[in-house]
Amino acid sequence: MTDVLPAEAEALLAEESVIAHLATCTDERPHVAPVWYHYDDGTVSVLTTGRKLANIRRNPRVALSIQKDTDGRAEWMVTMQGTATVVEDEAQKREATARINPRYGAPESAYSENTLVRIEIGSASFTRY
């Protein structure tokens, strides 16, 4: 368990299947987009492509926002900042795909064009409403 987040937040991130919003930035222009994720002990794994991936290759500093709502009411929220690493290893990508895709109702083989990115969390905040 990491010291960055309380145990309650880590459990929610690991158990809940909610969408994360990944923020990347290059040329002083931010870009925010939804992503599926897997959380484990201070590291967030995402599978992505396109502008998000291109931005991470140029600037690995990222932010994530994850919030659980029920009937339009926020239950909890975690925001994180960290450093992203692009993982080119196909075996590691397959392992991540096997964890992430089924969590969101997609077959493991879906979105094969995506690349694995791991984000080491440097700072975070947690709020339960």
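Helices (H or I, at least four residues) and strands (E, at least two) are DSSP runs, numbered from the N terminus. This is a predicted model, in which local features need pLDDT of at least 70 and side-chain atom pairs count only at pLDDT 80 or more, while totals for chains, interfaces and linings use all residues. Residues are numbered from 1 along each chain as its sequence is written, and side-chain values use heavy atoms, with hydrogens and water left out.

**View 1. The whole chain.** The chain has 3 helices and 7 strands, in the order α-β-β-β-β-α-β-β-α-β along the sequence. Its C-alpha trace spans about 35 × 35 × 30 Å along the principal axes. Of the 129 residues, 43% count as buried (under 20% relative accessible area, with a 1.4 Å probe and protein chains only; exposed is over 50%, partly exposed in between).

**View 2. The length and bend of helix α3.** Helix α3 covers residues 90-103; at 1.5 Å a residue its 14 residues should span 20 Å, and the end C-alpha atoms are 20 Å apart, which agrees. The expected span is 1.5 Å times one less than the number of residues. A kink of about 30° is centred on Thr97; the bend at a residue is the angle between axes fitted to the seven residues ending there and the seven starting there.

**View 3. The buried residues of α3.** These are Lys93, Ala96, Thr97, Ile100, Asn101 and Arg103. They pack against α1 (7-15), β3 (37-40), β4 (43-48) and β7 (115-128), where contact means heavy atoms within 4.5 Å.

**View 4. The two ends of α3.** At the start, a side-chain oxygen of Asp89 lies within 3.2 Å of the backbone nitrogen of Ala91. Just after the helix, Gly105 has a positive phi of about 85°.

Conventions. Polar contact = N/O pair within 3.5 Å; in protein donor to acceptor, adjacent residues only side chain to side chain.
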